[in-house]
Amino acid sequence: MHDLYNFVRGPLAWTAFFIFIAGSLYRIIKMFVMIKKKESFVFTFWSWKYSLRSIMHWLIPFGTVNMRMHPFMTIVTFIFHICLIIVPFFLFSHNVLWDESWNISCWSIPDPVADIMTIIVVLCIIFFLVRRLKEPEVRFLSTASDYFLLAIVALPFLTGFIAYHQWSSYQFWLILHILTGEIMLMAIPFTRLSHMLFAPFTRGYAGSEFGGVCHSRDW
Amino acid sequence: MPGFAANKVENILDEGIEKGGAKLDNKQIEDVIKSVLDTETGERLKIYVDTCVHCGLCSDACHHFLSMGRDPKYSPAGKVKRTLGEIFRKKGKVSPEFIKSASIIASTECNVCRRCSMYCPFGIDVAYMMKVVRRICHKLGVTALYIQDTAHSHSVTMNQMWVKEDEWVDTLQWQEEEAQAEFPKLRIPLEKEGAEIMYSVIAPEPKFQAQLIYQAAIIMNTAGIDWTMPATPGWDNSDMAMYTGDFEIMGRLKRSHFDTAARLKVKKIVMGECGHAFRSVYDVGNRWLGWKRPPVPIIHALEFYYDLLKAGKIKIREKYKKSVTLHDPCNVIRGGGLADKSRYVVNALCDNFIEMHPNREHNYCCNAGGGVINCGPPFKNKRMVSNKVKADQLIATGAEVLLSPCHNCYSGLEDIIGHYKINMEIKFISDIIYEVMEKPA
Ligand code: SF4
Ligand code: SF4
């Protein structure tokens with residue numbers, strides 16, 4: 001067990017970070033290179049003003065007509081993404097790791113708060129799952145990979161929660177936690193989780209076309 | 001699934017699609033798909049496909065989905081799944097039957113109105129993806145008969161309706177004579193080099209709606225505009241080739257239109273109340289020809305009327321009394337930002353203007369645009385059933401008159417009014433201007 005711990009905590013962690021960062025860079029650089037090569041008009045019509053205008057509207061809760069049409073989904077989506085990003089970065093025990101490995105120390109959220117946020121993430125994922133199964137228009141679009149991705153995102157939070165509370169073998173759950181976290185990280189550039197990388201560009205381009213060419217809103 | 005209205009509109013046979021499909025073999029399909037995906041699309045399409053999180057949030061944007069009992073296969077992402085999704089999943093190895101159904105989905109179940117881009121959190125352009133499908137179908141020769149005939153007319157005559165050169169000039173002279181009865185000094189100046197404005201129309205105007213040319217002539221003459229119309233091909237600004245995916249023909253059409261304006265040395269092109277033509281001239285055709293923006297400024301009728309009213313070049317005798325509501329055509333409102341100007345115009349002309357809801361960029365589509373009405377009679381019933389939401393929207397206004405500053409919308413809404421037995425007249429804005437303006441004695 002100890003060897004396994006060392007492996008996931010050491011080489012695999014490095015690999016995961018490497019794959020996440022290099023993979024993300026690869027996808028973004030490839031996007032730029034290919035767009036330049038085959039669809040350079042995207043640069044021609046790109047407008048920072050209108051990109052940012054559109055992105056801002058879509059970053060503000062209830063800033064768009066569609067968000068106002070689906071208030072519950074909007075609240076869940078925002079809370080989910082906020083917790084999803086804050087917990088892994090600002091959890092005290094992660095901060096210790098950042099500090100040990102890279103000498104970065106930053107502000108951390110109190111553990112009880114992180115605990116609640118973790119539960120929120122899991123609840124949100126359950127909501128997404130139920131929505132996927134229950135709403136015909138979402139179910140129709142869903143493929144096995146969509147369910148799989150929900151699991152990939154849920155697992156690090158679930159296992160982290162169990163490990164933190166030390167209900168059973170701490171080390172087992174910790175290893176599982178680290179492992180699933182690493183899987184999630186590595187999955188980002190190569191699955192639909194890549195919407196994290198591309199959203200600013202797709203939204204920005206829509207905003208540029210709507211604002212710059214069509215003189216209209218896209219929210 | 002029970003409750004869905006789909007059964008009324010399925011299994012439609014279109015001669016063009018059937019005959020085109022019968023000639024296909026699997027190898028050819030694979031080759032064409034590969035060539036379109038490899039040489040004509042790029043990372044943008046891949047990123048759209050990869051970024052779509054299958055959340056279904058675009059569904060409520062689409063009038064097809066809303067009208068068909070929320071049947072998920074009509075949602076924007078649902079249509080992508082049934083077309084490009086399959087093509088990607090099977091790596092282009094799809095059957096002729098699949099291509100036939102993809103052609104029907106992309107050309108009659110989507111109006112490429114881009115409303116869904118305003119509802120997808122990522123701004124994924126489903127309309128673009130449907131146009132890629134149409135392009136593939138076009139290259140495989142599987143396009144609905146009626147719209148293909150229109151594209152043929154474009155390629156032979158440079159206009160949409162097989163109007164011959166002498167017929168065109170005759171029609172203009174006929175309308176000039178008619179209008180002279182009302183306004184003896186009126187002219188429709190042909191081929192006037194150096195005029196300020198070239199006025200261009202779509203071919204259905206000379207073919208079926210010559211009174212619109214008559215009205216335009218009255219408006220131009222009253223306002224004292226220095227204008228001209230071309231006597232040569234290039235007078236038609238319409239473009240169904242853009243919608244079939246025949247971009248080569250689209251390029252030829254737009255070039256002839258811009259070339260005609262350049263030959264006449266006009267300062268700008270003013271176009272009649274048409275939406276798709278505006279999109280073609282203002283946004284799509286110019287890009288195909290390598291122009292970021294149109295080489296000659298393009299003024300849509302709505303904007304032209306706004307300028308005339310604002311400058312007092314047209315005066316209103318007495319405002320229109322009946323209650324009116326306004327349909328916002330996607331291509332000039334969402335695509336041209338003319339929402340405020342059109343409201344200025346309507347309020348200047350009419351006493352009693354009732355907004356429909358939703359409106360402006362968020363207005364529901366007419367379900368005629370994007371080439372859908374041009375796919376012809378086989379699909380008419382489907383076009384009616386799949387826009388019930390529009391009928392409900394119109395009825396809710398209680399207005400007596402519906403204004404539609406777009407030809408496609410006009411025809412489509414006229415059908416909707418008939419099909420759903422709505423008690424409403426439909427008019428172009430120029431009909432109202434003609435009725436309420438002060439005309440010189
Ligand atoms: S008809 Fe309009 S809203 Fe519906 S899928 Fe096509 S572009 Fe989107
Ligand atoms: S809203 Fe956008 S991301 Fe969601 S299913 Fe529709 S196209 Fe995909």
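Which domains does the domain assignment of chain B give? Hi everyone, that is where I'd like to start. The answer is domain 1 (2-143), domain 2 (158-306) and domain 3 (316-436), with bounds from an automatic or database domain assignment.

A word on conventions. This is a predicted model, where local features need pLDDT of at least 70, side-chain atom pairs count only at pLDDT 80 or more, and totals for chains, interfaces and linings use all residues. Residues are numbered from 1 along each chain as its sequence is written, chains are lettered from A and ligands numbered from 1 in the order written, and side-chain values use heavy atoms, without hydrogens and water.

Back to chain B: the C-alpha centres of its domains 1 and 2 lie 33 Å apart. Seven residues from domain 1 of chain B and 10 residues from domain 2 of chain B make the contact (heavy atoms within 4.5 Å).

Now, the second largest pocket. Both of those domains of chain B give residues to its lining, so the pocket lies between them. By pocket I mean an open set of points on a 1 Å grid over the protein atoms alone, where a 1.4 Å probe fits, with protein on both sides within 12 Å along at least five of seven lines; lining residues have an atom within 4 Å of a point. There are 33 lining residues, and A:Phe41, B:Arg44, B:Tyr128, B:Val284 and B:Arg287 lie nearest the centre.

Last stop, ligand 2. Residues from chains A and B surround it, so this site is shared between chains. Around ligand 2 (a heavy atom within 4 Å) we find A:Leu141 and, from chain B, residues including B:Cys52, B:His54 and B:Cys120. Thanks, everyone!
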